[in-house]
Amino acid sequence: MELRIGNGYDVHALAEGLPMWLGGVRIPSETGFVAHSDGDVAIHALCDALLGALALGDIGHLFPDTSDEWKGIDSKILLGKVVALIQERGFRVGNVDVTIALQRPKLAPHIVLMRETLAPILGVSVDAVSVKATTTERLGFVGRGEGCEVWASAIVIKD
Ligand code: MG
């Protein structure tokens with residue numbers, strides 16, 4: 001068995017009147033993410049963790065924001081493509097862990113649905129998908145409500 005680990009990080013700015021997608025779930029919010037895709041910063045960090053595990057680059061390289069092909073795209077589709085790349089190399093996802101830093105809205109009511117949404121795309125059970133949320137106690141750009149910051153870790157396995 002071969003185990004590989006990866007980590008990912010992403011930030012998106014917030015602006016009023018845009019949809020907020022996080023972890024594949026539409027979050028009721030007065031602000032949303034400025035982005036070329038749907039702006040799902042949690043999925044973007046997760047994609048980079050999975051790509052990092054096999055040294056396959058990053059999503060900015062795979063899905064460039066200069067391409068109309070990815071404009072406004074549902075990030076769940078991008079995640080599915082990343083998982084397919086992992087599988088093409090003989091690996092499967094082991095487990096993932098995602099930490100979202102956002103001042104508001106509170107994400108706790110949405111965490112279970114995020115896990116249930118991501119698990120089938122990753123090809124794992126819900127208990128292999130951890131999503132955690134925190135504020136930054138009003139400190140920094142996250143605390144001022146200017147953006148969202150996400151860290152993700154992933155293990156991939158070749159049996
Ligand atoms: Mg991004």
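The model is predicted, so local features are given only where pLDDT is at least 70 and side-chain atom pairs count only at pLDDT 80 or more, while totals for chains, interfaces and linings use all residues. Residues are numbered from 1 along each chain as its sequence is written, and side-chain values use heavy atoms, with hydrogens and water left out.

**The magnesium site**

The magnesium ion is coordinated by D10 through OD, by H12 through NE2 and by H44 through ND1, at 2.1 to 2.3 Å. Donors are here the N, O and S atoms within 2.8 Å of the metal (3.2 Å for Na, K and Ca), and since water is not among the atoms, sites may look incomplete. Along the sequence, the donor residues follow the spacing D-x1-H-x31-H. H12 belongs to strand β1 (residues 2-16) and H44 to helix α1 (residues 41-53), so this pair ties together parts that are 32 residues apart in sequence. The helices (H or I, at least four residues) and strands (E, at least two) are DSSP runs, numbered from the N terminus.

H12 counts as buried because its relative accessibility is 12%, and H44 counts as buried at 6%. In these terms, buried means under 20% relative accessible area, exposed means over 50%, and partly exposed lies in between (1.4 Å probe, protein chains only).

The C-alpha atoms of L14 and A35 are 9.4 Å apart in space, although the two residues are 21 residues apart in sequence.

How many aromatic pairs does a search of the whole structure find? The search finds 1 aromatic pair, formed by Y9 and W151, which are tilted, with 5.7 Å from centre to centre and 45 degrees between the planes. Y9 lies in strand β1 and W151 in strand β7 (residues 147-158), so the pair ties together parts that are 142 residues apart in sequence. For such a pair, the rings of Phe, Tyr and Trp (its six-membered ring) must have centres within 6.5 Å, and planes under 30 degrees apart count as stacked, over 60 as edge-to-face and the rest as tilted. Y9 counts as partly exposed at 39% relative accessibility, and W151 counts as partly exposed at 39%.

**The largest pocket**

The largest pocket holds about 240 Å³ of space. On a 1 Å grid over the protein atoms alone, a pocket is an open set of points where a 1.4 Å probe fits, with protein on both sides within 12 Å along at least five of seven lines, and lining residues have an atom within 4 Å of a point. Its volume is the space filled by probe spheres set on the points, which are joined across faces, edges and corners.

The lining consists of 13 residues, of which H36, H44, I59, F63 and D65 lie nearest the centre of the pocket. H44 is also one of the residues that coordinate the magnesium ion.

**Salt bridges**

Side chains of opposite charge can pair when their charged atoms come close. A search of the whole structure finds 6 salt bridges, each being a side-chain nitrogen of Lys or Arg within 4 Å of a carboxyl oxygen of Asp or Glu. The table includes some of them.

| Residues | N to O distance |
|---|---|
| E2 and R4 | 3.7 Å |
| K76 and D74 | 3.3 Å |
| R89 and E88 | 4.0 Å |

E2 is partly exposed, with a relative accessible area of 34%, and R4 is partly exposed at 31%. R89 is partly exposed at 40%, whereas E88 is exposed at 61%.

**Loops and backbone details**

The loop between α1 and α2 (59-62) contains L56, which is buried at 18% relative accessibility. A55 has its place in the loop between α1 and α2, counts as exposed at 63% relative accessibility, and has a positive phi of about 50 degrees although it is not a glycine.

E137 also has a positive phi, near 55 degrees, and is a residue other than glycine. E137 is found in the loop between β6 (129-134) and α5 (140-143), and counts as exposed at 64% relative accessibility. Finally, the peptide bond from R104 to P105 is cis, with omega near 0 degrees, and P105 is found in the loop between β5 (92-101) and α4 (111-122).
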